[in-house]
Amino acid sequence: MPDPAPRDDELSETLERLIKLTLTLSDQVEEQTRAINKGTTLANEARHAATKAQEQTDPEHYGELIGQTVDGRIADSLSRLNKAAGALLSGAERSNASFQETTTAHSNTLRLIADLREKQRQDSRWLPWVGLGGVVLALVLTAALPRFLASYPSTCAVLGATWTATTEGVNACVFYQP
């Protein structure tokens with residue numbers, strides 16, 4: 001025999017129980033979905049963190065980062081050091097050129113001094129002869145100068161003599177004693 005049809009109040013009670021059960025299942029499914037989403041998010045974050053950690057521990061990548069940092073930080077310093085080294089080299093070259101010029105000038109000066117000393121030695125050989133010539137010239141002038149000076153009326157007056165004509169008609173410078 002077939003089951004008799006449920007009564008209305010039983011049917012409404014069963015329907016309420018089914019609704020409650022459906023709501024409970026729906027809440028549980030939502031909670032599980034949230035937990036799954038949270039787990040997925042955590043898994044994604046963990047995967048991302050693992051990738052970053054792998055990049056950080058990768059020697060090649062780490063070396064690249066260090067190289068870029070070092071290049072970026074010391075490139076300017078190296079450039080300044082390069083310029084300073086160039087300036088120092090240029091200064092050293094100028095100093096060397098100046099030293100060479102000074103050495104050449106010093107050598108030329110020493111050569112000139114040696115030449116002057118040699119000329120002085122050569123001139124000192126002639127010194128006695130020049131002195132003797134001066135003495136001879138002084139003697140000749142002592143004898144000849146008064147005669148020469150006395151042959152002109154103006155120099156005769158300077159000597160303190162008188163310009164007069166002799167009995168033979170020749171002019172002469174005469175010294176009179178008082």
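Me: Let's start with a pairing. Which residue in β2 is the bridge partner of W163?

Reply: A word on the source first: this is a predicted model, where local features need pLDDT of at least 70 and side-chain atom pairs count only at pLDDT 80 or more, while totals for chains, interfaces and linings use all residues. Residues are numbered from 1 along each chain as its sequence is written, and side-chain values use heavy atoms, with hydrogens and water left out. Now the pairing: W163 has C173 as its bridge partner in β2. Strands here are DSSP runs of E, at least two residues long, and helices are runs of H or I of at least four, both numbered from the N terminus.

Me: How many bridges join β1 to β2, and do the strands run parallel or antiparallel?

Reply: Two strands pair if DSSP finds at least two bridges between them. Here β1 (residues 162-165) is joined to β2 by 4 bridges, and the strands run antiparallel. Another pair to look for is A165, which sits opposite N171 in β2. The hairpin has 5 residues between its strands, and G169 in it takes a positive phi near 95 degrees.

Me: C173 came up already. Which cysteine does C173 form a disulfide with?

Reply: In general, a disulfide is a covalent bond between the sulfur atoms of two cysteines. The test used here is a pair of cysteine sulfur atoms within 2.5 Å. C173 forms its disulfide with C156, the sulfur atoms lying 1.9 Å apart. The pair links distant parts of the chain, with C156 in helix α3 (residues 153-158) and C173 in strand β2 (residues 171-174), 17 residues apart. A search of the whole structure turns up 1 disulfide.

Me: What is the handedness of the link between C156 and C173, and are these cysteines buried or exposed?

Reply: The link is right-handed, with 90 degrees about the S-S bond. As for accessibility, buried means under 20% relative accessible area, exposed over 50%, and partly exposed in between (1.4 Å probe, protein chains only). C156 and C173 are both buried.

Me: On to charges. How many salt bridges does a search of the whole structure find?

Reply: The rule is a side-chain nitrogen of Lys or Arg within 4 Å of a carboxyl oxygen of Asp or Glu. That search finds 4 salt bridges. One of them joins R17 and E13, at 2.9 Å from N to O. Both residues lie in helix α1 (residues 8-57), 4 residues apart, or about one turn of the helix. R17 counts as exposed because its relative accessibility is 55%, whereas E13, at 43%, counts as partly exposed.

Me: Where do E30 and R34 lie?

Reply: E30 and R34 are also in helix α1, 4 residues apart, about one helical turn. Their side chains meet in a salt bridge at 3.6 Å, N to O. R34 has 53% relative accessibility, so R34 counts as exposed.

Me: Why are K119 and D123 about one helical turn apart?

Reply: Because they are 4 residues apart in helix α2 (residues 59-149). K119 and D123 form a salt bridge, with their closest N and O atoms 4.0 Å apart.

Me: Last one: where does α2 bend?

Reply: The bend at a residue is the angle between axes fitted to the seven residues ending there and the seven starting there. For α2, look at I74, where the helix bends by about 45 degrees. The expected span of a helix is 1.5 Å times one less than its number of residues. A straight helix of 91 residues would span 135 Å, but α2 spans only 117 Å between its end C-alpha atoms.
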